[in-house]
Amino acid sequence: MWKLPDSVDIGPITYITRYEPRLADEGLMGRILFLESIIEIRPGMSDQLEELTLVHERLHGALFHAGIREHDEPTLDVIAGEVIRILRAVKQWQVGEVLTT
């Protein structure tokens, strides 16, 4: 079962993670506040969407810390989804399951 971690490390910075209900009013699933070192996630989403959103925001952070300020949301959506698929495949491989997808 998915549980939002209390914090995540992105590059040299530890970001606090928290739920932020106001994101729904803004039409957002998540956001990263670089100057405050906070990642906010919209509550009430499925576990899978929360995980996807956290990975998406982490990618924003990684690019920010690498000095890459210009990038688009659809690209990060695709990369975040594939990162999760790869991590799941590695986990299955580590426990000896046959990979079929």
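Predicted model: local features only at pLDDT ≥ 70, side-chain atom pairs only at ≥ 80, totals over all residues.
**Stop 1**

Select the strands (DSSP runs of E, at least two residues; helices are runs of H or I, at least four residues; both are numbered from the N terminus). Four of them form an open, mixed sheet in the order β1-β2-β4-β3. At its edges are β1 (7-10) and β3 (30-33), each pairing on one side only. Two strands pair if DSSP finds at least two bridges between them. Strands of a sheet pair through backbone hydrogen bonds, either parallel or antiparallel.

Now go through the pairs:

- β1 runs antiparallel to β2 (residues 13-19), joined by four bridges; show Ser7 and its bridge partner in β2, Ile16.
- β2 and β4 are parallel, again with four bridges; here Thr17 has Ile39 of β4 as its bridge partner.
- β3 and β4 are antiparallel over four bridges, and Leu33 stands opposite Ile38 in β4.

**Stop 2: strand β4**

Select 38-41, which is β4. In a regular strand the side chains alternate between the two faces of the sheet. Buried means under 20% relative accessible area, exposed over 50%, and partly exposed in between (1.4 Å probe, protein chains only).

**Stop 3**

Pick Leu33 in strand β3. Leu33 counts as partly exposed because its relative accessibility is 22%. Leaving out residues up to four places away in sequence, Leu33 touches Tyr15, Arg18, Ile38 and Glu40, where contact means heavy atoms within 4.5 Å. Tyr15 is 18 residues from Leu33 in sequence, and their C-alpha atoms are 8.9 Å apart.

Move on to Ser37, in the loop between β3 and β4. This hairpin has four residues between the strands, and Ser37 takes a positive phi near 55°. With a relative accessible area of 19%, Ser37 is buried. Beyond residues up to four places away in sequence, Ser37 touches Ile13, Thr14, Tyr15 and Ile16.

**Stop 4: the pockets**

A pocket is an open set of points on a 1 Å grid over the protein atoms alone, where a 1.4 Å probe fits, with protein on both sides within 12 Å along at least five of seven lines; lining residues have an atom within 4 Å of a point. Grid points are joined across faces, edges and corners, and a volume is the space filled by probe spheres set on the points.

The largest pocket holds about 280 Å³ of space. Of its 13 lining residues, show those closest to the centre: Trp2, Glu51, Val55, Ile84 and Leu87. Which element gives the most to this lining? The answer is α2, with six residues.

Finally, the second largest pocket has about 160 Å³. Select Leu28, Met29, Gly30, Leu52, Thr53, His56, Glu57, Glu73 and Asp77 to see its lining.

Methods
Residues numbered from 1 in each chain as written. Heavy atoms only, no water. Axes fitted to C-alpha atoms, helices over the stretch in contact; angles between N-to-C directions.
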